[in-house]
Amino acid sequence: MKFDVIIIGGSYAGLSSALQLGRARKRVLVVDAGERRNRFASHSHGFLGQDGKAPGEIVSEARSQIERYPTIEWARGSVTDAEGTFGDFEVEIDGGRRESGARLILAMGVTDELPDIAGLKDRWGSSVFHCPYCHGYELDQGKIGVIAASPLAIHHALMLPDWGETTFFTNGVFEPDADQDALLSARGVHVEKTHIREIAGHADIALVDGRNVALAGLFTQPKLRIASDWVKKLGCAIEEGPMGSTVVTDPMKQTTIAGIFACGDVARAAGSVALSVGDGAMAGAAAHRSILFPQ
């Protein structure tokens, strides 16, 4: 059977896309490997009506609602290949099963490449974060550390004093210029240029000179990587920005290839559940519209 739309990724953006299309009674296949980007976080924040809820609980409840729509089917696994043109796409799942669809929605998210600092990866999502709006409030105005991993670190350092007393650990990665130093000083940010040896305890930074800085939480800038090589094979334009790789889309979430849409973290360097859900709704509606009006 040929599906109207195949959605690759069953997290927030993919499920939101599926909901729009299921309500339009389109035949939809959702392919999901079950690895949400925020699976390391115990709670999700900043999503209206779901603030403070466990991420897995949000997804589980959403899927149970979407499963009520009879035209939506599910495939557990990873897409290992994809090809085709407008109206006739085909995906390969886990190197075997092949399914075809008139439209594709890419909602498979991204991989976070983290700074190579001992102890950081173990605390990712629990006391080391990337989004102040998602996790800053819960630090309860405690002491916050910003670990530089890219030039975007300056933005983190200037933002985070709204959530707590902030120390900017440049770690040999970033050197503020005179204007940036003045801005940091005006915001009350302490700049620490000594290199980091490791992160220990809850969110304690051990410096190479033997000092230890106890903090309520840490923020850094992961590099976003699209883990699926077949996206390039499809021909979709990919933009390399300061935060990493994202698929280029127009305001209706269509990629540079007609009939292929992209939403969520793979198409927006933001990392917000609320934005992913909104993107997914737009992509689902746009895919439906493109079926109705293919010209």
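Me: Which residues is Leu106 in contact with, leaving aside its neighbours within four places in sequence?

Reply: In this predicted model, Leu106 is in contact with Ile8, Trp230, Val231, Cys236, Ile260, Phe261, Ala262, Cys263 and Val266. Contact here means heavy atoms within 4.5 Å. A word on the ground rules: local features need pLDDT of at least 70, side-chain atom pairs count only at pLDDT 80 or more, and totals for chains, interfaces and linings use all residues. Residues are numbered from 1 along each chain as its sequence is written, and side-chain values use heavy atoms, with hydrogens and water left out.

Me: What makes the set around Leu106 a nonpolar core?

Reply: A nonpolar core is a set of buried Ala, Val, Leu, Ile, Met, Phe, Trp, Tyr and Cys residues joined through side-chain atoms within 4.5 Å. Buried means under 20% relative accessible area, with a 1.4 Å probe and protein chains only. The largest such core has 25 residues, and Ile6, Val91, Leu106 and Trp230 touch the most other members. Elements giving two or more residues to this core include strand E1 (3-8), strand E6 (97-106) and helix H6 (230-234). Another core, of 22 residues, lies apart from it, with Ile7 and Ile72 among its members.

Me: How do you know what counts as a helix or a strand?

Reply: Both are DSSP runs, numbered from the N terminus: helices (H or I) have at least four residues and strands (E) at least two.

Me: Why are E8 and E11 said to stand at the edges of their sheet?

Reply: Five strands form an open sheet in the order E8-E15-E9-E10-E11, with parallel pairing. Strand E8 (128-129) and E11 each have a single partner strand, so one side of each is left without a neighbour in the sheet.

Me: What makes E8 and E15 a pair?

Reply: Two strands pair if DSSP finds at least two bridges between them. Val128 stands opposite Leu218 in E15.

Me: Why is Asp209 called partly exposed, while Asp140 and Gln141 are called exposed?

Reply: Exposed means over 50% relative accessible area, and partly exposed lies between that and the buried limit. Asp209 has 44% relative accessibility, so it counts as partly exposed. Asp140, at 65%, counts as exposed, and so does Gln141, at 67%.

Me: What makes the phi values of Asp140 and Gln141 worth a look?

Reply: Most residues other than glycine have a negative phi. Phi of Asp140 is near 55 degrees, a positive value, and phi of Gln141 is near 60 degrees, also positive. Asp140 is in the loop between helix H3 (132-135) and strand E9 (144-147), and Gln141 is in the loop between H3 and E9 too.

Me: How do you know that Thr194 and Arg211 make a polar contact?

Reply: A polar contact is a pair of N or O atoms within 3.5 Å; within protein, one must be able to donate a hydrogen and the other to accept it, and residues adjacent in sequence count only if both atoms are side-chain atoms. The side chains of Thr194 and Arg211 are joined at 3.1 Å, so the distance meets that limit. Thr194 also has a side-chain polar contact of 2.7 Å with Glu192, and Asp209 has one of 2.8 Å with the side chain of Arg211. Thr194 is found in the loop between strand E11 (190-192) and strand E12 (196-200).
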